[in-house]
Amino acid sequence: MIRKSIAAALACALSTATLATEKLPESQRDSHWFNEAQASLQQAAEVEINNKRGAARNVILFVGDGMGISTVTAARILAGQQQGLDGEEYQLSFEKMPFAGLIKTYNTNQQTPDSAGTATAMVTGVKTKAGFIGVGESVARGDCKASLEHPLTTALELAETRGKGTGIISTARITHATPASTYAKVPERDWEYSAPAGCRDIAAQLVEMNVGDGIDVIMGGGRRGFLPTSVTDLEGAAGKREDGRNLVSEWQKRYGENAVYIEDKSGFDKLNIQSTDKLLGLFQPSHMRYEADRHNDKAGEPSLSEMTAKGIELLKRGKEGYFLLVEGGRIDHGHHAGNAYNALHDAVEFAKAVQVAMDNTDAKDTLIIVTADHSHTFTIAGYPTRGNPILGKVIGNDERGEPRKTPDLASDGKPYTTVGYANGQGFADLGRETDSDNRRDTHTHPGRADISEVNTRNPGFFQEALVPTSGETHGGEDVGIWARGPGSQLLSGTHEQNYIFHVMAHAGGLLKRK
């Protein structure tokens, strides 16, 4: 039996070798799929990566909050369809990077993670509990005193100690989990503008940062956490601080006349990079608007790609290089609301921001990493025909392989969408509403709905969910990671999330050799 198996294997190998020397069929040689794959192989084979310690002068970490694999796939299709393509063949900016892998996202105490523990893992090299920012897993959540004994040092802080420029950019509040993970140390992520006696809140830690000379570029939302309750901002929103501190004023006083504070699009557009040493941009009282909803902001605010371009322009002035974290924070919020429209449009804008970084840096000296902190319960299902609108109802093919004229029907006789959620508030139809947060005012809709007459491609359409919950949850599966530049090859394969820090520290020369 063993001899027969060996003989069969040898025969198969010889047959394959003979076939390889033969001329391939014309239908194979002339296929654009075949030729495009050959070109991609040639391009990949020519990539040379410098994996030496300290080879990356600059490190940029892009975090698409909640951007799981299904979100990347759907965003890719949407972006392609926005350009008149079928969509499936399109590639987002970061998908063109030479190296990719998978990242395991669990927290030390949760199978499906939260953003605080995952972000901390990425920037400190240590996994920790859900809800923890910059604090080790050995303490209890909310234990102020114990947390002071177990701080974790971040990649941004290491960059500061080496004289590099540093920056954080997010469409979420700048005191929210992911951006806060670069500078704050709290055992409770909700301590954004107040904390128990003996501990400092997150906003205060940002303004009082005593590592290096402080963060150079800060742009995002969260203005309310920096202002006292007695102060009303230009949009009529009152501050949240009950300690009476105006942290914006404190920040300006600390850094002097070359420190610029801005809070609207006009201030952003007028910014003089050459005369700006420090930048604090807080464009909303809470989170910045969804990309599809930005036009409704009366004061105006920049897009994520615009902030990324400005941030890199400012940081490039430094002589020692820089570390920059950029978060597409509202991808996550769109999913939590069960609104694929905003989640995917924000993911497309996130990809544009990555393209900006790729266009304005050199792959020889800048490591760019693109990943997510966690996934969501977002699914792509059914058997829609090629090029079917990703936000549309499922329309399959007939027996000839041609698209049908009407949507497919489920066993209950109702049409259904390609994308949906395993849990959440479920169906809602808010028409042209572009702010997913307004869904909070509507009831949870368990089970199926008849969407025959509903335009599922409207921004205000909220997909159905299998399990009715008060809000859609994170997903626990691995997320993707893509990289370009020195050290990027080290991210191939499947790794723990805290491994990302170690690649950044190695490539950027942030840690001294033991």
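## An aromatic cluster

Phe62, Phe94, Phe350 and Trp482 come together as one aromatic cluster. The model described here is a predicted one. Across the whole structure, a search finds seven aromatic pairs.

Are Phe94 and Phe350 buried or exposed? Phe94 is buried, because its relative accessible area is 0%, which is under the 20% limit for a buried residue. Phe350 is likewise buried, with a relative accessible area of 0%.

In soluble globular proteins, nonpolar side chains tend to be buried together. In this model the largest nonpolar core has 110 residues, and Phe62, Phe94 and Val370 touch the most other members. Helix α14 supplies the largest share of this core, eleven residues. Apart from this core lies another, of five residues, including Phe427, Ala449, Ile451 and Phe461.

What does Phe94 touch, not counting residues up to four places away in sequence? Its contacts are Met67, Val72, Phe350, Ala351, Val354, Val370 and Trp482. Phe350 and Trp482 in this list are also members of the aromatic cluster.

## Salt bridges

Side chains of opposite charge can pair when their charged atoms come close. The structure contains 31 salt bridges. One of these joins Arg76 to Glu95, with the closest N and O atoms 2.5 Å apart. Arg76 lies in helix α4 and Glu95 in the loop between α4 and β2, so the bridge ties together parts that are 19 residues apart in sequence. Both Arg76 and Glu95 are buried.

A bridge between Glu208 and Arg200 has its closest N and O atoms 2.8 Å apart. Glu208 counts as partly exposed because its relative accessibility is 29%, and Arg200 also counts as partly exposed, at 41%.

## Arginines over aromatic rings

Arg330 takes part in two of the arrangements described in this report. In a salt bridge with Asp437, the closest N and O atoms are 3.1 Å apart. Asp437 is in the loop between β12 (428–429) and β13 (461–462), while Arg330 is in helix α13 (residues 330–336), so the pair ties together parts that are 107 residues apart in sequence. Asp437 and Arg330 are both buried.

The charged end of Arg330 also sits over the ring of Tyr290, at 3.9 Å from the ring centre. A second case involves Arg439, whose charged end sits over the ring of Phe462, 5.3 Å from its centre.

## The chain as a whole

The chain is built with 15 helices and 17 strands. Why can it be called as compact as a globular protein of its length? Its radius of gyration is 25 Å, close to the 24 Å that the globule rule gives for 514 residues, and therefore the chain is as compact as a globular protein of that length. Along the principal axes, the C-alpha atoms fill a box of roughly 75 × 60 × 45 Å.

Of the 514 residues in the chain, 55% are buried. Among contacts with a separation of 6 or more, 72% are between residues 24 or more positions apart.

Terms used. Residues numbered from 1 in each chain as written. Predicted model: local features only at pLDDT ≥ 70, side-chain atom pairs only at ≥ 80, totals over all residues. Heavy atoms only, no water. Phe/Tyr/Trp six-rings, centres within 6.5 Å; stacked < 30°, edge-to-face > 60°. Buried < 20%, exposed > 50% of the residue type's maximum accessible area, 1.4 Å probe, protein only. Lys NZ or Arg CZ within 6 Å of the ring centre and 35° of its normal. Salt bridge = Lys/Arg side-chain N within 4 Å of Asp/Glu carboxyl O. Helix = DSSP H or I, 4+ residues; strand = E, 2+ residues; numbered from the N terminus. Core = buried A, V, L, I, M, F, W, Y, C linked by side-chain atoms within 4.5 Å. Contact = heavy atoms within 4.5 Å. Rg over C-alpha atoms; globule rule 2.2 N^0.38 Å.
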